[in-house]
Amino acid sequence: ANTGTAYRESMLFRKLGGTPDRPFLIEGNGAVISGLVSLPAEQWKSTGEGVYLLQLDKTPYGNPFLVSAGKRLPAARNREALKEGEHFWDRESHRIYLHCAAGKRPVDYKLEATLQVSGLTLTSASYISCQNLIAEHFTNDGFNIHGDCRGIRLENVVARHNGDDGISIHEAGGLIVQNAYVHGNFYGIQDVNASRSVYNGVLAEKNQVGVSLVGGYHSLVDCQVRNNTQKEIDIAGVVPRHLIGGEQNLLARTILFAQNVSVFGEGSTVGLSVRNGAHAIVEHTVITGTRTGVSIDSQSHGHLTLTAVSKCDTILDLRSKDCFLDYNLYGVGRFRWMETDYSADQWAEYLAASQQDKHSRIEQISVAAD
């Protein structure tokens, strides 16, 4: 039931679930599950000069942080760098340090901490459908899927303000996501190992990395990835040594199929990064506003068609001869083929050197958010 108050607990399914003809249904009704725990003000001890200390019994797995009046407090890199309004979480000693603003004490902050690991957690649990649920403020993932999980479906879910991933599937499980909003996490989506996932109608924004895929087969169709701090979409091959035959598993090389994806960056480093032996097949997609539009390293493969890349300093950074690009539209910018840079004025030289983009063009491109 959606009572308007968050459920401060995880939902764990271990070796439970349904069958293909009768999946187990979790109906969220728009309710929120939260990893936050209130921190009583009297537990904080002053260490002088506006700095207060809270001693915990243990630090949870993941990337824990403090929340004040519903908003994440900025974190310092270490105890010595702590400034007013920041906190530092010392995981080894299980201590939290808070540098209060002048004239304030911990009681003025309404402090809470992410002390629970993941929200909806599935471990070798299959044929489960979850819909209309919001998972927030967990140290690790909002939706965390591990082990032998088959037939998992998420519909109309939100994953926000989690320490690691909004949505993440591991090992060799299978996941379908239709209509999701992932924002304010470190990774909006991070699927790994030899997992298989299909995303339709997903908006990933204002994470550190919008979509990270490290092993497995994945599909992004009718999705928008925008305004993430570091990278918008980053895919990389991997060797999952904890899986039987992981070194020889072709799925671990990472395959992405992307169709009708809108990538809008506000100064993020790259729109699409393909590295460490990964494969990306991209069509009918727009990439704009990142410093580099498309980057493919020497070990990887890219297949780019019917796609627009604009408003990037570097439109293409291609280090692999194992690529196919054609019927694309590009804005004015730098084109890097292997170790040579070509300006837009050197389009003919780029075409001759790369033998790519025979039917592509450089044009003035106007792209709107819709």
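Reply: A cavity here is a set of points, on a 1 Å grid over the protein atoms alone, where a 1.4 Å probe fits but cannot get out. Grid points are joined across faces, edges and corners, and a volume is the space filled by probe spheres set on the points. This is a predicted model: local features need pLDDT of at least 70, side-chain atom pairs count only at pLDDT 80 or more, and totals for chains, interfaces and linings use all residues. Residues are numbered from 1 along each chain as its sequence is written, and side-chain values use heavy atoms, with hydrogens and water left out.

Take the largest cavity. Its volume is about 50 Å³. Its lining residues (an atom within 4 Å of a point) are Ile233, Leu256, Ala258, Val261, Val263, Leu272, Val282, Thr285 and Ile287. Strand 22 (residues 255–264) gives the most, four residues. Strands are DSSP runs (E, at least two residues), numbered from the N terminus. By class, eight lining residues are nonpolar, one is polar and none is charged. Nonpolar means Ala, Val, Leu, Ile, Met, Phe, Trp, Tyr, Cys and Pro; charged means Asp, Glu, Lys and Arg; the others, Gly among them, are polar.

Now the second largest cavity. It holds about 40 Å³ of space. Leu272, Val274, Ala280, Val282, Val294, Ile296, Gly302, His303 and Leu304 line it. Strand 23 (270–275), strand 24 (279–283), strand 26 (292–296) and strand 27 (301–305) each give two or more residues to this lining. Strand 27 gives the most, with three. The classes are seven nonpolar, two polar and no charged residues.

Note on methods:
On a 1 Å grid over the protein atoms alone, a cavity is a set of points where a 1.4 Å probe fits but cannot get out, and a pocket is an open set with protein on both sides within 12 Å along at least five of seven lines; lining residues have an atom within 4 Å of a point.
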